[in-house]
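Q: Please take a close look at one part of this structure. I would like the account to be connected and plain.
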Amino acid sequence: GKVCFYSLGNFVMSDFSGLRVFPNPWRSDRHTVAITFDTLPVGSTVKLFTVSGHLVKTLTPSVHSVLWDRTTDSGDKVASGLYLYLITTPSGDKKTGKLVIIK
């Protein structure tokens, strides 16, 4: 969905239609790069969780994209498995999704 919010003197559309999360699935036999969250709405926060709801990492993009190096907030590498992400815009618009890590 689209939500309008006031930011830096301009009206900016909060639109997730261009959002890309890649590579997904991330596979250790094919990928060495970080996972990219691309075309994020301005000012968004990305939170990553285990399927049991444990917060793994909080990412705060400085531009429209951010990289996740597959580590936790404490710096440990995450295990193989399914992870959930929650992207929240400054206006409170939310987008959820899934990503898989295969080691």
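A: The model is predicted. The count comes to two salt bridges.

One of them joins the side chains of R20 and D38, with 3.4 Å from N to O. R20 belongs to strand 3 (residues 20-22) and D38 to strand 5 (residues 35-38), so the contact ties together parts that are 18 residues apart in sequence. R20 is partly exposed, at a relative accessible area of 44%, and D38 is also partly exposed, at 22%.

The side chains of D29 and R27 form a salt bridge too, with 2.9 Å from N to O. D29 counts as exposed, at 55% relative accessibility, because the cut-off for exposed is over 50%. R27 is partly exposed, with a relative accessible area of 25%.

R27 leads on to the sheet. Its bridge partner in strand 10 is I102. Strand 4 (residues 26-27) and strand 10 (residues 94-102) pair in the parallel sense over two bridges. These strands belong to an open sheet of five strands, ordered 4-10-9-6-7, with mixed pairing. Strand 4 and strand 7 (55-59) are at the edges, each with a single partner strand, so one side of each has no neighbour in the sheet.

Further along the order, strand 10 pairs with strand 9 (residues 81-88) in the antiparallel sense over eight bridges, and T88 stands opposite K94. The hairpin of these two strands has five residues between them, and G92 there takes a positive phi near 95°. Strand 9 also pairs with strand 6 (residues 45-50), antiparallel over six bridges, where V46 stands opposite I87.

Terms used
Residues numbered from 1 in each chain as written. Predicted model: local features only at pLDDT ≥ 70, side-chain atom pairs only at ≥ 80, totals over all residues. Heavy atoms only, no water. Pairing = 2+ DSSP bridges. Helix = DSSP H or I, 4+ residues; strand = E, 2+ residues; numbered from the N terminus. Salt bridge = Lys/Arg side-chain N within 4 Å of Asp/Glu carboxyl O. Buried < 20%, exposed > 50% of the residue type's maximum accessible area, 1.4 Å probe, protein only.
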